[in-house]
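Visitor: I would like to learn how to read the features of a model like this one. Could you take me through it step by step?

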Amino acid sequence: MKMILRWFPYGDDSVTLQQIRQTPGVTGVATMIPQIPVGEVWPAEQLIALRDEVNAAGLEMEVIESVNIHEDIKKGLPTRDRYIENYIKTMENLAKAGVKCLCYNFMPVLDWARNELDHPLPDGSTALSYRHEEVLKLDPSHFADAMLGGSRGYSLPGWEPERMGAMAADIEFYQSFTTEQYWANMKYFLDAVIPTAEKYDIHMGIHPDDPPWPLYGLPKVITCAENIRTFLSLNTSPYNGITLCTGSLGSNIHNDIPAIVREFADRIPFAHIRNIKHHSPQDFDEAAHLSSCGDLDMFEIVRAFYESGFDGYIRPDHGRMIWGEQARPGYGLYDRALGATYLEGLWEAIDKMEKRGK
Ligand code: DNO
């Protein structure tokens with residue numbers, strides 16, 4: 001297991017590589033190049049320069065999160081081939097920079113959705129929160145303003161302005177779309193890019209839909225064990241995997257996360273681990289990582305990874321804003337660093353108990 005933190009380059013982060021380097025046990029970052037419009041090729045030189053910057057701070061850059069998928073690929077438009085070709089070229093360039101794992105998502109139009117980015121919790125911290133009825137009340141075309149307005153001046157991954165412009169039309173487009181068409185478009189993409197992943201030893205990890213239920217009539221597919229099974233059967237290469245995000249899948253109270261980890265362990269190159277606290281089945285706040293702070297049992301989740309022989313990357317996911325920190329919502333240093341240390345503590349305890357038992 002390698003513990004990493006997400007980090008945003010080019011000054012678009014309040015957290016520095018030095019701070020990450022000083023976080024015990026953290027050996028690398030998951031990062032990306034933000035300015036490149038979705039669908040264009042990421043240049044090798046820029047990736048190598050970024051890798052060098054990360055390496056100079058004593059950290060690895062083996063994980064990219066995310067190279068986003070152009071909407072035309074998800075829609076299955078004739079123009080998709082050009083964007084897939086670009087995706088493949090980007091993967092070749094990632095390989096030149098030593099990238100081993102590529103996290104992406106295939107969510108239509110919206111990446112993750114929350115209606116509040118600084119929801120006050122009883123202890124005075126703030127967290128991202130989701131209230132289903134409130135989200136439904138939001139006019140999707142103003143959703144981006146609401147999200148970006150609360151981002152404290154930092155970019156919000158998945159809420160890139162260029163993608164927001166077409167939001168209303170894109171949502172309209174998907175209204176007549178079937179889930180079968182969506183699976184077919186996914187398969188088309190996977191069959192095209194997975195041979196490159198195999199050639200360059202880059203493990204692909206699709207991120208689950210967040211939240212994992214229908215929103216605004218958009219198809220949602222990476223939502224539960226059954227659909228993950230379907231997804232992995234679309235292309236059975238070991239390089240076609242998932243980013244196991246406990247918070248996204250765990251938003252659906254029926255998802256048994258440790259069981260999902262155990263079933264798909266050999267196809268999970270990357271894990272996002274965070275906790276959530278439900279107020280009702282479709283209303284939740286993001287919580288501190290500790291099991292006792294939310295609804296997910298972190299011990300059982302880490303144990304499932306450990307016992308499955310997991311040797312991929314783990315990052316603590318969204319943290320709360322604590323100790324007066326002013327950072328990108330979900331991505332401050334303090335709560336994520338506590339999360340990393342806690343998860344490492346669980347791992348160490350399980351490892352030592354296991355070895356003692358032998
Ligand atoms: C939100 C993130 C997502 C994730 C993408 C992966 O904070 O978890 O934006 O990075 O869905 O492609």
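Visitor: How many bridges join strand 4 to strand 7?

Guide: Two strands pair if DSSP finds at least two bridges between them. Here 5 bridges join strand 4 to strand 7 (residues 203–207), and these strands run parallel. Within strand 7, Ile 206 is the bridge partner of Tyr 104. Strands (E, at least two residues) and helices (H or I, at least four) are DSSP runs, numbered from the N terminus. This is a predicted model, where local features need pLDDT of at least 70, side-chain atom pairs count only at pLDDT 80 or more, and totals for chains, interfaces and linings use all residues. Residues are numbered from 1 along each chain as its sequence is written.

Visitor: In what order do the strands close into a barrel?

Guide: The barrel has 8 strands in the order 1-2-3-4-7-8-9-12, with parallel pairing. On average, neighbouring strands of this sheet are turned by 30 degrees against each other, direction ignored.

Visitor: Which residues surround the ligand?

Guide: A residue is near a molecule or strand if its C-beta atom, placed from the backbone, lies within 6 Å of it. The ligand is surrounded by Glu 65, Ser 66, Cys 103, Tyr 104, Asn 105, Asp 111, Trp 112, Pro 157, Gly 158, His 207 and Gly 330. Strand 4 (residues 101–105) gives the largest share of this shell, 3 residues. The shell divides into 4 nonpolar, 5 polar and 2 charged residues. In that count, Ala, Val, Leu, Ile, Met, Phe, Trp, Tyr, Cys and Pro are nonpolar, Asp, Glu, Lys and Arg are charged, and the others, Gly among them, are polar.

Visitor: At what angle do helix 4 and helix 9 pack?

Guide: Axes are lines fitted to C-alpha atoms, for helices over the stretch in contact, and angles run from 0 to 180 degrees between N-to-C directions. Helix 4 (residues 80–96) packs against helix 9 (residues 179–200) at about 15 degrees, with the axes 10 Å apart. That makes helix 4 roughly parallel to helix 9; angles under 35 degrees count as roughly parallel, over 145 as roughly antiparallel, 65 to 115 as roughly perpendicular and the rest as oblique. The residues of their contact (C-beta atoms, placed from the backbone, within 7 Å) divide into 10 nonpolar, 1 polar and 1 charged.

Visitor: And at what angle do helix 13 and helix 14 pack?

Guide: Helix 13 (residues 298–307) and helix 14 (residues 334–357) pack at about 60 degrees, with their axes 10 Å apart. They are therefore oblique to each other. Their contact residues divide into 8 nonpolar, no polar and 2 charged.
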